[in-house]
Amino acid sequence: MKKIGIIGAGRLGICLALNLERVGYSIVAIDSSENRVQQINTKQLMVEEPSVENYLSESTNLRASADVKELSRNEIDFIFVCVPTPSLENGKYDHSYILTCVDELLKHGNPKNQVDLVINSTTMPGFCDQLQTQLKDTNYTVSYNPEFIAQGSIIRDQQFPDQVLIGEANPDSGKRISEVYKKMCPDNPEIHRMSRTSAEITKLGINCFLTTKIAFANSIGDLSQKMGAEYEKVLASIGSDTRIGNAYLNYGFGFGGPCLPRDNRALAKAGEEHGIELHISNATNKANASHLDFQFAEYANSPEPIVFDQVTYKGGTDIIEESQYLALAVRLMQSGKKVIIKASDNVIVQVKELYGDNFTYEGN
Ligand SMILES: NC(=O)c1ccc[n+]([C@@H]2O[C@H](COP(=O)([O-])OP(=O)(O)OC[C@H]3O[C@@H](n4cnc5c(N)ncnc54)[C@H](O)[C@@H]3O)[C@@H](O)[C@H]2O)c1
């Protein structure tokens, strides 16, 4: 049975581990959090993500450890890296967690045979090439393989992706990564193999395009509202043009969450560093902010308390990071409105930590 290592068993990594385990791989998952390791090994992990608890309880070939040495001890030659890459203030990704993992791997020596290091974490264009250069005297090869998944459907999205994107270290590594996905994805998705930097640009480019569609739909919707036009019909018609498509072309809240805004800013930053101004990324960010202003103006004169049934960045998750729902609630609260937030206990705890009793909370 082929063994696969996964470093970082967080939201993304644990799902990948479980999906791969289900199709017959033996998984060693490394996570620096002893607590998470214990929860995985005792099958007590509790997360919002659908299917994770089920798949974990049914798993028989998944073992977690906090010690990266387990990978060399088990002679694992295929490792996915799914550690965080937080955003720096300037919009770039911080790669220090990936570098720490690599340092930890190197502490256990250079592997005898080639080991595929497959970076799933989102990186700045050019980073994976730099990492490969850093590892040139070792048997580690670096490939980039980001995932296009949404919080709340990670397990499913990994099984049924629109495409598999591979920035390959070399054709053999690309082939090995492709084989893993052919086994994991029953619908035989398109596989796009290219250089590492190409794949890094593609990953950010796809998410930037999505933010563009969302921001565009909201701008058209705001104009329609202002002019008493029928925004739903307008957008449905625009989206029915096959060159455009309906996906992500709805009127609603702006884009938020832990992926789209960060990828959009990172792409703009990558452009800036190479003398190319990514006008679209920057305009999309501005449009998202203007849409919030429009929404705020709509409610600003309401004499009634304003009720938010959701403050997470989208339904079905407990993530409030860069949520446009919460941003609007905060703007209204700060302007003196009474704002009632209806949310799960987990979400209320997070909002309270930031805003205390400035909101009225109701459990749901
Ligand atoms: N979650 C998503 O939907 C999603 C989607 C696309 C891309 N990504 C990218 O995937 C990466 C991981 O995201 P996530 O949401 O799973 O993050 P996360 O914070 O949920 O999980 C990261 C895990 O890595 C562990 N970790 C940190 N340093 C480590 C180390 N040195 N060794 C071993 N384990 C370590 C943490 O304990 C944590 O469990 C990020 O780059 C993110 O941008 C995530």
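Modeller: A definition to start: helices (H or I, at least four residues) and strands (E, at least two) are DSSP runs, numbered from the N terminus. Residues are numbered from 1 along each chain as its sequence is written. The model is predicted, with local features needing pLDDT of at least 70 and side-chain atom pairs counting only at pLDDT 80 or more, while totals for chains, interfaces and linings use all residues.

Biologist: Which helices each supply at least two residues of the shell around the ligand?

Modeller: Helix 1 (11-22) and helix 5 (96-107) do.

Biologist: And which residues come nearest to the ligand?

Modeller: Gly-8, Gly-10, Arg-11, Leu-12 and Ser-121, of the 27 residues around the ligand. A residue is near if its C-beta atom, placed from the backbone, lies within 6 Å of the molecule.

Biologist: How does that shell split by class?

Modeller: The shell has 12 nonpolar, 11 polar and 4 charged residues. Ala, Val, Leu, Ile, Met, Phe, Trp, Tyr, Cys and Pro count as nonpolar, Asp, Glu, Lys and Arg as charged, and the others, Gly among them, as polar.

Biologist: Switching to domains. What are the bounds?

Modeller: Domain 1 is 3-194 and domain 2 is 215-363; such bounds come from an automatic or database domain assignment.

Biologist: How far apart are the C-alpha centres of the two?

Modeller: The centres of domain 1 and domain 2 lie 31 Å apart.

Biologist: What about helix 11 and helix 12, at what angle do they cross?

Modeller: Helix 11 (residues 260-273) and helix 12 (residues 279-300) cross at roughly 140°, with axes coming within 8 Å. Axes are lines fitted to C-alpha atoms, for helices over the stretch in contact, and angles run from 0 to 180 degrees between N-to-C directions. Asn-264, Leu-267 and Ala-268 of helix 11 meet Ser-281, Asn-282, Thr-284 and Asn-285 of helix 12. That contact divides into 2 nonpolar, 5 polar and no charged residues.

Biologist: Last one: in what order do the strands of the open sheet run?

Modeller: The order is 9-10-11, with parallel pairing; two strands pair if DSSP finds at least two bridges between them. Strand 9 (306-308) and strand 11 (360-363) are the edges. Phe-308 has Ile-341 in strand 10 as its bridge partner.

Technical notes
Two residues are in contact if their C-beta atoms, placed from the backbone, lie within 7 Å.
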